[in-house]
Amino acid sequence: MQVNWRHIHAARNSYAVLAAACEKEGFALNRVDGPDDDITCYSLNSLNAAQYQDEIASAGCLTIVGGPHATALPTEVAAYADYVIVGEGEFTLPRLLADIQKGGGGKIPGVMKGGWYQPADTGVRLDAYPAFSEIKGYVEISRGCPFSCGYCQTPRIFGHCMRHRSVDEIVRYTSRHKEARFVSPNAFAYGSDGIHPRWDKVEALLKACKNQIFFGTFPSEVRPESICKESLALVHRYCANTKLHFGAQSGSDAVLKKLGRGHSVADVLAALDLFSDFSFEPVVDFIVGLPFETDDDQRQSLDLIRAVARTGTIHVHRFIPLPGTPLANLPARSLLPETEKLCGSLALTGKVTGSWNDPEIRFFRRPSNDIP
Ligand code: SF4
C-alpha cells in the first residue's frame, strides 16, 4: 500500500514527526505535490484549508486529513475527505493506516469518517515517539499549555496539561542538527507545569545539549512573565541566540484580561528592562484588530510597540478568528490610521515585520537555518 504525504510548507514539521511515527509501524510517507494512489495524507491549518479543499474533494485516491483545522472543524472536513484525524496524529495515523491495509473501515478512536466519530482514547507521550527520522525537523520538547488565550488553538488541540520529552531523548535528536531549534508553547516552561518554572530542569536540558542551540526563539517563543534574571542567564550561558522572542499581544491590560493571557503590560515592561543586562535583543509579538479592542486599547498597543522598538523588533499579526477557539466567531475590528502609519514607518526601518493587513503572511516566515 503506497502512502503519500502532500507537501505543504506550513506543515513541514508535522511531516517530520508523522513520517517518523509511521516509519516505526512500517509505513513510509512518500512526499508528493498532489494526491496520488493509494492514500494521500494532508495536514491543514485554518489559513490554508480552503486552498486544498477542492483538491482533496476531487482526489482519485483515499484521503486522510489532520492538523489544527481538521481538529477544530472535523465535521466540515469530513464532508470532503475520506478520513479526518482529530487531535494528535502520532498514534492515530499509523493505527488508521494499519486498519485500512487490513481492509477495515477506519472506524477507530480519534478518526471521523462520514458521520461516525469516537474521540481518541489515548494521549501521546513524547518520549514514546521519535522527534523525527530521515526527514529532519525541529525537536518538540513540550506539548500542551495551561493557559487559555482566547485566540489560540494550542490548548484546544493538545490540552492544558504540559508534557515534556526527556533530556536524553532531546539530546539524541539535537545531536543530529548542527544548529538545533525546539518546538514548545513556552521554552522556559520546560520540565514544569507551565506556570511554576523549573530552572533546574531547564538548565539540565541546556547543559546536556552539546551543539549550538537556539532556545526561546522561533518556534519556541516564551511568555513575558517567564523572562527573569534566571532564565536570561541560562540562555546567555548555554545558547547561541542573541535574540529572545516573546508574546505581548496587547498594550492594554483590559484586552489582556479579556484574552485570558494571564500576564499584564507591567510584565512585558519588566521583561524588556532585563534584556539590556544580558545583551539580548527582544522580538515581541503583537496582535492588532482584536474584536473587543477599543480605540484607546489600540493606542496603548502602539505605545508599547514604540517602547519595544527602542531596543528590539516587533512582529505584528492581524487578528484572525480561528475555529475551535472562544474568539472563533468574532470578526477583527478595523485598524486606526495611526496604527497603519506606525507599523508602516517602523517596517521601513526593519523594526516591524509580519502583517497587519494580510494575516496569511505570518505563516510563511522562516529563520535562516530553517528546516527544508
Ligand atoms: S498563546 Fe501561548 S500561552 Fe496562550 S494558550 Fe496559546 S500556547 Fe498557551
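Let me begin with glutamine 249, which is found in strand S13, and whose phi angle is near 70°, a positive value in a residue other than glycine. Please keep in mind as I go on that what we are looking at is a predicted model.

Strand S13 leads us to the sheet that it belongs to, an open sheet in which 4 strands follow the order S13-S14-S15-S16, with parallel pairing. The two strands at the edges are S13, covering 243–249, and S16, covering 352–355, and because each of them has a single partner strand, one side of each is left without a neighbour in the sheet. If you look at how neighbouring strands of this sheet are turned against each other, the average is 20°, with direction ignored. As a reminder for those who are new to this, strands of a sheet pair through backbone hydrogen bonds, and they may do so in a parallel or an antiparallel way.

Within this sheet, strand S15, made of residues 313–318, runs parallel to S16 and is joined to it by 4 bridges. Which residue of S16 stands opposite histidine 317? The residue there is serine 355. Helix H13, which spans residues 337–348, packs on the sheet and touches S14 (281–288), S15 and S16, and the direction of H13 makes about 125° with that of S16.

There is another open sheet to look at, this one with 3 strands in the order S8-S11-S12, and here too the pairing is parallel. Strand S8, at 139–140, and strand S12, at 212–214, are the edge strands, each of which pairs on one side only. Strand S11, residues 179–183, runs parallel to S12, and 3 bridges join the two; arginine 181 has phenylalanine 214 in S12 as its bridge partner.

Proline 219 lies in the loop between S12 and H9, and the peptide bond that joins phenylalanine 218 to proline 219 is cis, with omega about 0°. A cis peptide bond is also present from aspartate 37 to aspartate 38, with omega near 0°, and aspartate 38 lies in the loop that runs between strand S2 (29–32) and strand S3 (39–43).

Helix H9 itself, residues 229–238, packs with helix H8, residues 199–208, at an angle of about 10°, and their axes are 10 Å apart. How are H8 and H9 oriented to each other, roughly parallel or roughly perpendicular? Angles under 35 degrees count as roughly parallel, and H8 and H9 are therefore roughly parallel to each other. On the side of H8 the contact is made by Trp199, Val202, Glu203, Leu206 and Lys207, while H9 brings in Glu230, Ser231, Leu234 and Tyr238. Sorted by class, this contact of H8 with H9 has 5 nonpolar, 1 polar and 3 charged residues.

Let me now turn to the ligand. Around it you will find Cys145, Phe147, Ser148, Cys149, Cys152, Thr154, Pro155, Pro185 and Arg223, and by class this shell divides into 6 nonpolar, 2 polar and 1 charged.

Key. Residues numbered from 1 in each chain as written. Predicted model: local features only at pLDDT ≥ 70, side-chain atom pairs only at ≥ 80, totals over all residues. Pairing = 2+ DSSP bridges. Axes fitted to C-alpha atoms, helices over the stretch in contact; angles between N-to-C directions. Contact = placed C-beta atoms within 7 Å. Near = placed C-beta within 6 Å. Nonpolar A, V, L, I, M, F, W, Y, C, P; charged D, E, K, R; others polar. Parallel < 35°, antiparallel > 145°, perpendicular 65-115°, else oblique.
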